[in-house]
Every structure is written in structure tokens, then in C-alpha cells.
Amino acid sequence: MESRFQGGMVGVAGDLMTTDSDLAIAQEWLRDFCTALEQGDARAAADLFLADGWWRDLLTFTWDLRTLHGVAAIATTLEGVLPTAGTGAFSLEPGKMLPQVEGFPGKRCVQAFFVFETRIARGRGILRLVPDQEGSWKAWTLLTAMEGLKGFEEPRGPRRPLGVEYGIRRGRESWLDRRVRSEEYRDREPQVVVIGAGQAGLAVAARLSQFGVDTLIVERHERVGDNWRKRYHTLVLHDPVWFDHLPYLPFPDNWPVFTPKDKLADWLEHYASTMELNIWTSTEFLDADYDSSVETWTVRVRSGNNSVHTLHPRHVILATGMAGVPYIPEIGGKGDFRGVLVHSSAYTGAAGWAGKKAVVIGTGTTGHDIAHDFYEYGAHTTLIQRSSTYVLNSTTFTRMIFAGTYQEGGPPTEDADLISASTPNLLAGELSRDVTARIAEVDNELLRGLEAAGFKLNCGVNGGGISSLYLHRGGGYYINVGASELIAEGKIALKQGAEITRFTLGGIEFADGTVLEADIVVLATGYQNMRESARRILGDEVVDRVRPVWGLDDEGELRTIWRDSGFPHFWFMGGNLQQCRYFSKFLALQIKAIEEGIRRL
């Protein structure tokens with residue numbers, strides 16, 4: 001039997017059954033933990049963890065996304081939050097028990113779902129217990145995640161709206177009348193303005209709407225989904241469908257495993273309509289000023305008919321995603337180049353470039369996809385690699401990274417998300433080394449072929465594979481769907497090991513003295529930090545107070561995104577589809593708590 005990390009969780013090879021004794025062990029630990037919290041005894045609660053145990057808290061105790069590592073850190077944090085937490089019962093979630101797992105060599109681990117309450121909120125969590133040296137069961141990892149605020153339950157299931165008003169109603173509005181009035185904002189101000197109607201903006205707006213927070217999305221494109229619809233012709237998601245559902249409305253069960261970009265664009269448009277989100281399309285966000293005396297923004301937007309509207313929301317959320325301001329490397333001679341030079345964000349497809357010389361700079365996912373596209377359309381294609389890249393096969397990625405969580409027949413999405421979140425990022429990075437090494441063994445033939453072609457590979461940050469690169473950098477990897485074989489076989493040429501010095505009239509010159517001819521050059525060089533997207537519309541005065549966005553902080557949590565930005569009532573929302581689905585809830589809960597006077601920034 002082997003310990004392994006799977007899709008954000010600790011998994012196990014083999015089939016172990018949960019026993020009544022496991023249930024009793026987990027329930028006894030939860031009782032002891034709850035008793036310590038109710039008595040305000042931070043040290044007693046912390047002593048229920050292993051000396052190097054982990055507690056990840058998503059809002060419930062800290063009003064932040066926090067990971068505490070070690071008994072001392074847990075005790076210190078609890079001493080500060082217990083006086084106001086007001087905890088209630090902790091109990092196993094009926095019918096929800098995870099399998100046993102080998103947590104350490106030779107040590108059995110029990111893990112369980114549980115539910116709990118604080119003074120103001122309800123939550124869910126996952127607990128993993130292993131015996132210490134004395135044989136006492138101690139927490140290896142604990143996740144506590146806020147699910148909702150008491151008294152502000154979502155109108156779902158038995159609380160769903162009736163949809164009809166009985167009796168006589170003079171001047172009765174139809175559903176369509178109400179929707180038109182809601183979207184126009186003629187007689188009220190939105191509480192929240194969200195910039196961007198991609199998956200990030202739609203997800204957080206849907207959450208806020210369910211929490212009863214009046215939210216308007218402004219989108220510069222003509223249609224919802226255009227941020228995907230207008231990207232390059234052959235784009236298909238590399239994440240599987242089970243990973244990519246949006247909040248409240250999963251994809252139908254005949255949806256393809258990997259979603260084409262135009263199909264996703266149409267789904268986003270459908271989602272916005274079904275979730276009754278208020279959206280102004282063809283609308284440009286011009287600028288905004290914050291009045292700290294009334295804790296309100298003054299926002300100006302320009303609509304498609306060129307009229308300017310002034311809004312006064314309490315909160316502004318930047319949801320244009322990580323793909324905001326393109327990063328254009330400083331390379332001399334751009335003005336001399338006679339061919340076409342375009343950033344990948346403006347690249348639409350390779351049609352019309354057959355027989356021409358195409359050069360793609362950058363070997364992340366986008367660079368590979370575009371080079372693949374050029375090759376299939378008959379262009380003479382060269383990929384320029386500036387730094388090493390992590391590569392794994394798509395089939396390996398789906399089978400080994402998502403096993404036990406996001407897969408056909410896997411746990412319900414809400415459970416899979418909790419499982420994924422239950423292993424803190426820093427611990428996941430340590431555990432990922434094993435699965436990264438095993439992935440390399442499975443993909444050995446592909447990787448050796450790339451190396452023989454001169455392609456430089458890495459194993460992620462500290463050997464942590466794809467997830468480590470995503471969390472630290474937001475990129476730097478390729479999930480292979482065919483381009484790697486083309487590189488290994490020389491069908492896509494590779495230029496590696498020499499810095500670009502300048503553009504020439506007909507191509508690119510390198511530090512080794514070689515010149516690469518090009519008719520078109522695509523810069524697949526990524527994007528600037530999300531702060532720079534904010535700087536364009538909010539200015540230096542706001543953004544200079546905002547913390548860096550993305551990358552891991554000292555506790556292993558992603559910096560700033562979905563959290564307090566450092567500037568009051570301004571938030572960042574983004575990430576992949578799974579992150580947008582799950583973490584939109586925590587951003588929306590923070591705003592709801594502020595609006596209800598439960599929390600202050």
C-alpha cells in the first residue's frame with residue numbers, strides 16, 4: 001500500500017472500508033475539540049494536533065483564508081479568535097465518511113467529513129487523524145470552511161422562490177418586467193459592481209445574488225462569453241468537465257470531457273441568463289473614486305451608445321482574470337520587423353498562414369497550442385523556449401491528478417471541492433513530489449523524446465509538478481494534447497538556449513548570432529500581475545495600497561485574490577473554473593457579512 005496525493009487530497013491505493021471504530025475515533029476527537037473551543041482553551045485545542053499538524057481555516061474563525069502549521073501557531077491564532085467565535089457542536093456529517101488512508105509509513109489514518117457551527121455561521125470540514133508516538137489520535141490536517149451565515153440562508157431547495165403572486169395585484173409586474181427593471185438600475189444603486197463577465201465575474205455575481213446582494217456586472221464585450229469566443233480558433237480547455245462546473249448549475253452529463261472554447265462561451269451566456277444576473281454588455285469601466293467617509297465608490301462607465309453612467313456601489317470587484325494586461329517583453333527592433341507581430345491575446349487562428357514561417361515565443365500551454373495550430377494549417381513553425389517547462393500528457397493528468405475527486409462517478413462536486421481544499425497548499429506541495437515522480441515514469445517516453453529534441457524540462461517548484469507552478473506562477477507548464485510529439489519528431493522546430501537580442505526586418509536575431517526568419521511572430525509571453533489591470537482603471541493611488549496578487553504567502557495561501565486586497569471594499573476575483581466555483585463563495589460571504597454589519601474591514 002502506498003501513500004499518495006490525488007487531486008488536492010491524500011488518497012490511497014487499495015480499497016479500505018470505514019469501520020465503526022473509525023467513526024468513534026473521529027467523533028471523540030471532534031467532541032474534545034469542540035469542548036476545548038467552548039471553554040476558550042486554545043492550548044487544549046492545539047494539543048489535539050500533531051506537533052507539526054495543519055489547520056486550514058476558510059473564513060469561519062479568522063475571516064480570512066489561513067493555514068496554520070504546528071501547535072504553537074494554532075494555539076496563538078486561537079487565543080485571538082476564540083473570544084468572539086462562539087463555537088457550537090461539531091459532529092460527523094451523516095452518510096459522509098472518507099476511506100481510511102495511510103498518512104505516514106506504517107501509520108493508519110482516519111479521515112472524516114464533519115459539520116459545525118460558530119456564533120454567526122455554519123460550516124463543513126474534513127478531519128484526518130493519525131496516532132502519535134503515545135498512541136493518541138491527533139489531527140494531521142483539519143479543514144474548517146464556512147458554508148453560510150445564520151439568518152441569511154440562500155433561497156434554494158425548500159427556500160426557493162415561489163415564482164407567482166396570488167391574489168389581485170393592480171399594476172402587476174411579470175417576471176420579464178421585473179428582470180428588465182432589475183437590469184436597468186434606474187431607481188437604485190448596485191451594492192457591488194463586478195468588472196468582467198467571464199467565469200470569475202459570473203461565479204461571484206451568482207453567489208452574491210443568492211446571498212441577496214444587489215450586483216451589476218459590466219462587460220466591455222458585446223456578448224457574455226466573448227472573452228472565450230474571441231480567442232484563437234482551436235482553443236479547447238485542458239481541464240476535464242468534472243473540474244469545471246460553475247456554481248449552482250453543473251454541465252449536463254452529455255457534456256464533452258474537454259470543452260471547446262465556443263461551447264464554453266455559449267454556456268456562460270446561458271448561465272448568466274438562467275441565474276438572472278444583471279449585466280451591462282458593451283460597457284467600458286472608465287474610472288472610480290472611493291469616499292472613505294461613506295465607504296462608497298463613485299464609478300463611471302460608458303455604454304455602447306457612448307453615454308456615461310455614474311454608479312455608487314459599496315464594493316468593486318475586478319474579475320477580468322489573470323489574463324489581463326499582456327506582458328510584452330522588451331525586445332529591440334520591433335518597429336523594423338516587416339512581418340506580423342501579435343501577442344497571443346490578440347491571436348485568432350492560423351488560417352491563411354500555410355507555407356509561411358511562423359514563430360511562437362513561449363512554451364506554456366498557449367505557446368504549445370498556437371504552435372500546434374500553425375503546424376496543422378501548414379505553416380513552417382518554430383517554437384522559442386526561453387525557460388524550462390513542465391510537461392505531462394493529458395491522459396496522465398486526468399487519471400493521476402484528479403483520481404478520487406474530479407472524475408466520472410466521483411464524489412458530488414461540493415464534496416470534491418471540500419476534499420481538494422482539505423490538504424493545505426504547502427503540504428500538498430510536499431506530497432505532490434511523489435505523484436510528480438510517478439507521472440514522469442508513466443510519461444517517460446514522451447519526456448525522453450522532448451529532451452532529445454533539445455527541449456528543457458522541469459518538475460515544477462521543488463518537484464511539486466503542475467499544481468506548484470500554477471499556484472506560484474499561474475503557468476509555466478503544458479498538458480500535452482499533441483504538440484509535444486510534433487516537437488520530439490522535429491515537425492515543430494525548436495529554438496532554445498540563446499537569448500533574443502532584437503527583431504530584424506525579416507525575423508529575429510539571437511545572442512548566438514543566428515537569425516530566424518519569420519512572417520508572423522506570436523508572443524505567448526503571458527500577462528502582467530492582476531494589480532496592473534486594476535492600475536489602468538483605478539489609478540496608482542488605489543493600486544499602490546493593494547497587496548501583490550497570486551503566488552503563495554508564508555502560510556501557503558494565494559495572496560490577495562478572494563481576500564481583503566489592502567484597499568477597502570476593493571476585491572480581486574479570478575482563477576480557473578474550479579477556483580471560481582469554490583472560492584467565489586468565500587468572497588461573496590465576506591461582502592455579505594460587511595453589508596449586514598457582521599464584519600468590518
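Colleague: Which ring does the charged end of Lys-263 sit over?
Modeller: The ring of Trp-255, with 4.3 Å to its centre. Bear in mind that this is a predicted model.

Colleague: And which ring face does Lys-495 lie over?
Modeller: That of Phe-510, and the distance to the ring centre is 4.9 Å.

Colleague: Switching to ring pairs. How many aromatic pairs does the structure hold?
Modeller: There are 33. In one of them, Tyr-290 and Phe-567 have ring centres 5.5 Å apart and planes at 75 degrees, so the pair is edge-to-face, the cut-off being over 60 degrees.

Colleague: Where do Tyr-290 and Phe-567 lie?
Modeller: Tyr-290 is in strand 13, residues 284–291, while Phe-567 is in the loop between helix 16 (540–543) and strand 27 (570–572). The pair therefore ties together parts 277 residues apart in sequence.

Colleague: Is Tyr-290 buried or exposed?
Modeller: Buried, at 19% relative accessibility; the cut-off is under 20%. Phe-567 is buried too, at 5%.

Colleague: What about Trp-562 and Phe-583, stacked or edge-to-face?
Modeller: Stacked, with 4.2 Å centre to centre and 5 degrees between the planes. Trp-562 lies in the loop between helix 16 and strand 27, and Phe-583 in helix 17 (residues 577–595), so this pair links parts 21 residues apart in sequence.

Colleague: Are those two buried or exposed?
Modeller: Trp-562 is buried at 2% relative accessibility, and Phe-583 is buried at 7%.

Colleague: Last one. Which residues do ring pairs link into a cluster with Trp-29?
Modeller: Phe-33, Phe-49, Trp-55, Phe-61, Phe-90, Phe-114 and Phe-116.

How values were computed
Residues numbered from 1 in each chain as written. Predicted model: local features only at pLDDT ≥ 70, side-chain atom pairs only at ≥ 80, totals over all residues. Heavy atoms only, no water. Phe/Tyr/Trp six-rings, centres within 6.5 Å; stacked < 30°, edge-to-face > 60°. Helix = DSSP H or I, 4+ residues; strand = E, 2+ residues; numbered from the N terminus. Buried < 20%, exposed > 50% of the residue type's maximum accessible area, 1.4 Å probe, protein only. Lys NZ or Arg CZ within 6 Å of the ring centre and 35° of its normal.
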